[in-house]
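Thanks for coming. I have one structure to go through today, and I will keep it brief. Please have a look at it first.

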Amino acid sequence: MVNEITSLTERQKNNPDMVRNVFLDILFTLITCGLFNIYIQYCQIISINDMLQEERYSFLKWFIFSIISCGLYHIYHEYVKGEDIDKCLGISGNTGVVCLLLTIFGLSIIADAIQQKHINEYYGENRP
């Protein structure tokens, strides 16, 4: 059990690539009229898969299903990602519900910012 905790702590500290600047993500998404958010989704999918230690999310699946369903799959995807982030952090928060509501009202940029803030916390960073 102690080795699992130690390996988790080492894994968290050894992944600085998973930490992103939330402010710059929002800025670049606004400048590119939302296209940068596709890259953010890719990065978050990789991060959450690493947090869960399994390949639960697929960027290609998200991209194709979001197009086919005219964005409805993206709404579901944001909810599930939020729930899994809470599970990885060990909190009983309602990030999934908040992200779901934000995405429904067209504020998925804010939902991604909240998720990235939690991902940064998981990997030991507390910057904006």
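Among contacts in the chain between residues at least 6 apart in sequence, what percentage join residues at least 24 apart? The figure is 64%. Keep in mind that this is a predicted model.

Now the overall layout. The chain has seven helices and zero strands, so in order from the N terminus it reads α-α-α-α-α-α-α. There are 128 residues, and 40% of them count as buried.

Next, the inside. The largest nonpolar core has 14 residues, and those touching the most other members are Ile48, Met51, Tyr57, Ile119 and Tyr123. Three helices each give this core at least two residues: α3, covering 36–52, α5, covering 72–89, and α7, covering 108–122. The largest share belongs to α3, with four residues.

Then the largest pocket. The space in it comes to about 160 Å³. Which residues line the largest pocket? They are Gly34, Asn37, Ile38, Gln41, Trp62, Phe63, Ser66, Ile67, Gly71 and His74. Both α3 and α4, the latter spanning 59–68, supply at least two residues each to this lining. Here the largest share comes from α4, with four residues. By type, the lining has six polar residues, four nonpolar and no charged ones.

Technical notes: Residues are numbered from 1 along each chain as its sequence is written. This is a predicted model: local features need pLDDT of at least 70, side-chain atom pairs count only at pLDDT 80 or more; totals for chains, interfaces and linings use all residues. Side-chain values use heavy atoms; hydrogens and water are left out. Buried means under 20% relative accessible area, exposed over 50%, partly exposed in between (1.4 Å probe, protein chains only). Contact means heavy atoms within 4.5 Å. A nonpolar core is a set of buried Ala, Val, Leu, Ile, Met, Phe, Trp, Tyr and Cys residues joined through side-chain atoms within 4.5 Å. On a 1 Å grid over the protein atoms alone, a cavity is a set of points where a 1.4 Å probe fits but cannot get out, and a pocket is an open set with protein on both sides within 12 Å along at least five of seven lines; lining residues have an atom within 4 Å of a point. Grid points are joined across faces, edges and corners, and a volume is the space filled by probe spheres set on the points. Ala, Val, Leu, Ile, Met, Phe, Trp, Tyr, Cys and Pro count as nonpolar, Asp, Glu, Lys and Arg as charged, and the others, Gly among them, as polar.
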